[in-house]
Amino acid sequence: PGDIGLLLQNKGLCFAWGPAEVLVCETLFGRAGESRSRSWAGRALTGSVVAGTENGAPSSSRVFVVRRDQDIYIQTLRKLFNESHGIFMGLQRSEEELAGKSRKAQLVQVSKNYRSVIRACMEDMHQAAVSTRDPALQGQYSTQVSILSAMELIWNLCEILFVEAATAGPLLLRLLDWVRLHVCDVDSMVRDVLGSESPSKHKLFWNVVDIFVLQGRMDEARHLLSKEATANPASMNMYKILDDLMKKMPVPSLSNTQTLTELELKWQHWHEECQRYLQDGTFASNPHMESICKILLGDEDAILEKKELMTTWYHFLVTRLLYSHPTVKPMELRFYAQSSMDLFLGGESSPEPLDLILMAAFEFEMHQVIKECSIVLSNWWFVAHLTDLLDHCKLLQSHNLYFGSNMREFLLLEYASGLFSHHSLWQLGVDYFDHCPEYGRVYLELHIERIPLSTEQKALKVLRICEQRQMHEQVRSICKIMAMKALRNNRLGSALSWSIRAKDAAFATLISDRFLKDYCERGCFSDLDLIDNLGPSMLLSDRLTFLGKYREFHRLYGEQRFAEAARLLLTLMTAHIAPCSFWMTLLTDALPLLEQKEVIFSAEQTYELMRCLEDLTAGNPDKQKFQDDDVETTKVEMLRLALARNLARVIVKEGTVEGS
Amino acid sequence: KCGIVSVQDNRISIWSAGDLGNTGLNGEYHGEPRLLCDIQHNGDVMDMQFLDQERIVVASSTGTVTIFRHHQNNQTLSANHRWDKAHYHVDQDTSCGGAACTGVVCNNPEIVTVGEDGRINLFRADQKDAVRTIDNADSSTLHAVTFLRTTEILTVNSIGQLKIWDLRHQRNEPSQIFSLAGDRVPLHCVDRHPNQQHIVATGGQDGMLSIWDIRQGTMPVSLLNAHEAEMWEVHFHPSDPDHLFTCSEDGSLWHWDTSTNVSEKPSFLHQGGRSTAYLSHSTINQSVVSAWLSNDPTKDRMEITNLIPNQTLSVNSLDVLGPCLVYGTDAEAIYVNRQLFA
C-alpha cells in the first residue's frame, strides 16, 4: 500500500470497504461537520483523483487501494496452498482411534509432508528467481525463498520438540540433522575442496574439516583428514590418534541398544582420554588439529572461534550440546539455548525475530512461537497449519481469546477468510471452515454469498457446497440471483432451470408471467422447446401449470381436437388455474370454437362460459375502464353474441331426439 | 507422446507427459509431466479440444473462441485466430454482455461451439466469420456439444434435453428432442459411442449417467446412479469403447467396464478396488448388441471402479487415449495415469 504514513500530516483519512480491498484516501475534512476548506470537490471514493483547494491553492489527493493477503496472488505459492489443503484434510479425517506410538508416527508423517511441500515450493520459487529477468520479480522471489526457508526451519524444530517430542538421546541426533539440513551451505565448499587437485592444500580445507566436526559428521571429517595425513606424513602419528578419538566418540543411538547411563559413562571415559592427549601436548605442533581436539572436548572458546563457519547461535548451541552434554533432556534445552545465544551474539548484535521464535521453541513456549510467527509472517498459512497440527497432538490448552473461540479455530478462520478473496482458491477455504466447529459455519455463510458468480459453472459449484451443508438461505439467494440474470438476458429456460433447483415457486410464477406477457404481445409462444417439455416441473407453481396447460390447449386446437380443447379451456377457468387477468384472453380464444360449424360446447359448458364472462365484467367495479375502451367493449359484445348463438344451437341440438 | 493442455490462473499450458517408452522394469513410469510452454488466456477456460496435431480450440467464459497454435520446433504457443463475442447476451446492464462459451467440438476444419446464450455457432478454421449461427437455438444454457455424424451434432442443455441438430438443413430447429422422464435435471456432458453411432451417453447434475439409443424412443435406455454431484464429463474410450469414464464435482472419477472377460471370473475373485461395485447387464449377442444397451440383468456384469483413492475437490475434466488417462481437479493438480489397463 505504499506510503500511507505520509498521508497523515495535517490531513484526515477516509476509507470505504470493498469486496476484497479497501479504498483509502486523504481528506481535509475532519470529522463530520468540520471542514477547513470551502471549495472541496468531494470525497474520493471511486478511485479517481479529486482536486480540492486549500486556501486557494490547488492540491490533489491520491486514492490508495489497500488489499490484504497479497501472498495469495503469488503464482508459486498456490502450490503450497493447494497441497497443504490436501494434507490438512487428510489429517482431519485420520483415525483418532490409533493410540500411542502409531498415532505419533502418523502425526510426524503429516508434519514431514507439510515440510516437503514447503521445500517443493522453495524449489519452484528458486527456479522462478533464477529464470526471471525482471529484477523486481527476482527480488520478490528471493525474499519468498528466504521466508519459506525460515518457515521450514521453524517447523522442523517444532516437529522435533513438540510433535515427535524427542527424548534425551534421540533429541541430540534430531537436532544434529536439523542443523546439517538447514544451517550454512557446506556442500559448495566441500565440492570445491574435493574437486581440487590436492584437497589438503586447498585454502578452505581446514574450514571443511572443522565444519564436519562441528556438525558431528565424523566419518566425513576423518576421510578428509586421511588426505592430509597422506600429503603430510610427518603428522601421521597425530593423525592416527585424532582419527581414533573421532572414531570412538560415543553418540546416542536411535535404537535402544544402550541406556542413557551407559552412554554417559562411556562418554565420560572418552572425554577424559581426549583431555589426556590434549594436556600431553600431542597436537601442539599442529594448531588445526589441536583446535579440533579442543572442540571435541567441548571447549566453548574453541568452538566460538569457528563462529563464521557456524553462522548462527543455534548451530553453536547444538555443537555445544554434542560435545559437552550429548544426553541433554528436552527441558534442559532452554538454559543452553539462552546462554548460547548470549555467547554467540556477544552483545554485538541483537536477536532478530527468527532468533526469538526459535528461542521460544527451545523454551517449549508454543503459544509464544505461534504469536511471534503471526506477527512476523505476512499471511496466516504457517501458523494456521502448525497450530492445527499441534492441536491434533493434544498439546494446546484452549487459549481463550476475547470472543471465546480457541486459538486453532481463530487462526484457521483468518487463513480461510484470506483464501476467499481469491477467485479460485476460495474452494479450499470452504473445507477449512468446515473444520472450525464454533464459527466456521457462520463465516462460510457470509463469505459464500460474496463469491462473484461469473459463469454458471461457478454458480453450480457454490450451490453444491451450500446444498451439501443445508444452507438453504444461500441456495435460494444464489438461485434467485442467477434466475434474475437469466431473465434479464431473456434466457427463460435458464431462469426456469434455476427456479426448479431452488424449488422457488414464486420465481417460476414470475417466469410464467413473462411467457404469458410475451404471448399476449406477440400472439405466439416463444421457446416452445421449453414449454412443451416442462414435465413434472410444471407443478412447481400454479402459473407454470397454467402455462403448460394453456400451451396444451393450443396444441389440441392445432390438431383439431376441438372437443378436448374446449373442455381444457373451460377447466382452466372454472378450476381457477388461470389467473383472472388472463380470462379475457381465454374467452377470446373460445370465440373460434364457438363459431365452428359444428357445435362444440355443450349447453352446460356454454352456461359456464357465460358465467365466467359475467364474473369478469361484473366483478370489476371500475366499469369505466371497460366502457371507455372500445376494443374491450366490442370483444365483450362479440362474446355475448357468440355465446348466445351457441346456446341456441346447442339447446336445439340437445333437445332433438336422434334418429326418430 | 502424451500432450496435456492445462489451465492455471488463466493460462493455457502444454505439458509433456514423457515418452511411452520411458518405463522401468516393472512398468512404473519415471518422471513427472514437464511444462513445455504456456500463454495467457482471457477468462476461464470452459472447454477445449485439439483441432489437429498443432492447433487447439479453446472456449472462454468471456464468450470468445480462440485457436492456439503449438509451435513444436521452439516450444511456444501463439494465438492463431480468435472469434470475439462468439457468445453474448443482450443485456444493457453488463458492460461487455459476454456469455460463457460452454462447449466446443472439432472435426477439422469445422468447429462447433455452444454457450450460455443458447446459441450454436459453426466455424471453419480458415474463415474469419462464422459459417452459420443459430441464435436462440435453446431457451436455456447449452452445456455441451458433440458430433453425431459429420453433419449432425448433439447438444445437452440445462432443462434436461438432448437435441439432435442437422446442419444441412437451414431451419433453426432441432431434428429431434430427447428428454429424461422425470424431473428436468440439467445435463452437463455428452459423448457418442465411437463405433456404434446410435449409442449416446449423457451425464446430469444429479450425477446420473444416462445411456440413450437415439434410433428408438425419446427416453434413455438406462439410468445409472453414479456420482453424488454434477457429472462434468463423460468419455467413451476411443479405441476400446467397452470402457467409459466419468468425472464429477464430488471428486471421483469412475471407470465403467463392460468388457466380457469380467464375467468369466467368479465374483469373489474380482480384483476390485475398495470402491468397486457391480451392476448386472446382459450380453446376449455380445458381438451384435453393445453391452451398453442390454437390459437383461441376469447375465453379465459391469464393473465400476473409482480411480481416485483420496478424493477431495472436484474433478473437472478428463481425457483418455490408449493406455493413458489424464484428469484435472479443483486443487489445481493434473494427474496422469499411464497404465489404465494394467
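Between chain A and chain B there are five salt bridges, a salt bridge being a side-chain nitrogen of Lys or Arg within 4 Å of a carboxyl oxygen of Asp or Glu. One of them joins A:Arg464 to B:Glu230, with the closest N and O atoms 2.8 Å apart. This is a predicted model, in which local features need pLDDT of at least 70 and side-chain atom pairs count only at pLDDT 80 or more, while totals for chains, interfaces and linings use all residues. Residues are numbered from 1 along each chain as its sequence is written, chains are lettered from A in the order in which they are written, and side-chain values use heavy atoms, with hydrogens and water left out.

**The side of chain A that touches chain B**
- The helices α1 (77-93), α19 (426-434), α21 (456-468), α23 (492-502) and α25 (528-531) of chain A each supply at least two residues of this side, helices being DSSP runs (H or I, at least four residues) numbered from the N terminus.

**Extent of the contact**
- Chain A gives 35 residues and chain B gives 46 residues to the contact, which is counted from heavy atoms within 4.5 Å.
- About 3,300 Å² is buried between chain A and chain B, with 40% of this area coming from carbon and sulfur atoms; buried area is the accessible area (1.4 Å probe) that two parts lose on being put together, summed over both.

**Confidence in chain A**
- The mean pLDDT of chain A is 83, and 86% of its residues reach 70 or more, where pLDDT is the predictor's confidence in each residue, from 0 to 100.
- Over residues 1-8 of chain A the pLDDT stays under 50, and over residues 33-59 of chain A it is likewise below 50.
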